Amino acid sequence: MPAVDATPYPFELDPSHAALVMIDFQRDFVEPGGFGAALGNDVSLLRRAVAPAARVLATARAARLFIVHTREGHRPDLADCPPSKKARGRLRTGIGDRGPMGRILVRGEPGHDIVEALAPAPGEPVVDKPGKGAFYATDLESMLRHRAIAQLVVCGVTTEVCVNTTVREANDRGYDCLVLSDCVASYFPDFHAAALAMIAAQGGIVGWVTDSERFLHALAGAERRWARGG
């Protein structure tokens, strides 16, 4: 198996049992004029992750890795949205309200969709999740188990919230997680750095961290070995 140069130590990548998880690259979070920008955030900080994530996505498709996308959002009737979540922040325009790209965090609205540069290809499942973590109240785990997936390569936003929550959920379920530092992003650079440090701390208590260049180098090496028949 190819070894990915990673922190805290090399990650032994097994492409036949690895999946790429693309977390919440949604228009409302990433694009100018969306919900994230309306809250006063600098969305350009999130958009930095789009180009490297697109390269990883294209290469993963060529390598035939299993790919799954996630979106955070709720039913139009908000029956799956806890009152505490809707109330948090005391926002004048919050979850379910009409925002710049339709109703905020509501499935089927324009802002809920994934940005065009990272749009799912036919056959790539999209997991609609009502919470921060991709395993909570979803069928993600059954998708992974049915395909004998043991490793998750993770891209997405934001680093300290949905990415970190999903990686912690995955770790508790026995998955090895490799987070690509330039393919995840936060509105808050300090939070981004701290979240990555927490994942790899204490010998990889939650997972491994590397960047897209190192991951793609290892994946290319694996493909060359497959082409040679070993």
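Setting aside neighbours within four places in sequence, His-112 is in contact (heavy atoms within 4.5 Å) with Gln-26, Arg-71, Glu-72, Gly-73, Val-106, Arg-107 and Asp-128. Keep in mind that this is a predicted model, where local features need pLDDT of at least 70 and side-chain atom pairs count only at pLDDT 80 or more, while totals for chains, interfaces and linings use all residues. Residues are numbered from 1 along each chain as its sequence is written, and side-chain values use heavy atoms, leaving out hydrogens and water.

**Two buried residues**

- His-112 sits in the loop between strand 6 (102–103) and strand 7; helices (H or I, at least four residues) and strands (E, at least two) are DSSP runs, numbered from the N terminus.
- With 3% relative accessibility, His-112 counts as buried; the cut-offs are under 20% relative accessible area for buried, over 50% for exposed, and partly exposed in between (1.4 Å probe, protein chains only).
- Val-4 belongs to strand 1 (residues 3–4) and is buried too, at a relative accessible area of 1%.
- Not counting residues up to four places away in sequence, Val-4 touches Pro-10, Phe-11, Leu-13, Leu-178, Thr-210, Arg-214, Phe-215 and Ala-218.
- Val-4 and Trp-208 are 204 residues apart along the chain, yet their C-alpha atoms are 9.8 Å apart in space.

- Six strands make an open sheet, running 7-4-3-8-9-10 with parallel pairing. The edges are strand 7 and strand 10 (208–210), each with a single partner strand, so one side of each has no neighbour in the sheet. From one strand to the next, the twist averages 25 degrees.
- Strand 4 and strand 7 pair in the parallel sense over four bridges; strands count as paired if DSSP finds at least two bridges between them.
- Here's who faces whom: Val-127 in strand 7 is the bridge partner of Thr-70, and Asp-128 in strand 7 stands opposite Arg-71.

**Helix 7**

- Helix 7 covers residues 159–172, and its 14 residues should span 20 Å at 1.5 Å a residue; the end C-alpha atoms are 18 Å apart, which agrees. That expected span is 1.5 Å times one less than the number of residues.
- An α-helix has 3.6 residues a turn, so residues three or four places apart point the same way.
- The buried residues of helix 7 are Thr-159, Cys-162, Val-163, Asn-164, Thr-166, Val-167, Glu-169 and Ala-170.
- What do the buried residues of helix 7 pack against? They pack against strand 3 (18–23), strand 4 (66–72), strand 7 (126–129), strand 8 (151–157), strand 9 (176–185) and helix 8 (189–204).

**Helix 7 against helix 8**

- The axes of helix 7 and helix 8 come within 10 Å and cross at roughly 15 degrees. Axes are lines fitted to C-alpha atoms, for helices over the stretch in contact, with angles from 0 to 180 degrees between N-to-C directions.
- Helix 7 and helix 8 are therefore roughly parallel (under 35 degrees; over 145 is roughly antiparallel, 65 to 115 roughly perpendicular and the rest oblique).
- Helix 7 passes helix 8 in a right-handed crossing, where the near helix is turned clockwise from the far one by less than a right angle.
- On the helix 7 side, Thr-159, Glu-160, Asn-164 and Arg-168 meet Phe-191, His-192, Ala-195, Leu-196, Met-198 and Ile-199 of helix 8.

- Most residues other than glycine have a negative phi, and most peptide bonds are trans.
- The Thr-7 to Pro-8 peptide bond is cis, with omega near 10 degrees; Pro-8 is in the loop between strand 1 and strand 2 (11–12).
- Val-157 and Thr-158 are also joined by a cis peptide bond, with omega about -15 degrees, and Thr-158 lies in the loop between strand 8 and helix 7.
- Asp-24 has a positive phi, near 55 degrees. You'll find Asp-24 in the loop between strand 3 and helix 1 (27–30), and Asp-24 counts as buried at 0% relative accessibility.
- Arg-90 has a positive phi as well, near 50 degrees, in the loop between helix 5 (83–87) and strand 5 (98–99). Arg-90 counts as exposed, at 80% relative accessibility.
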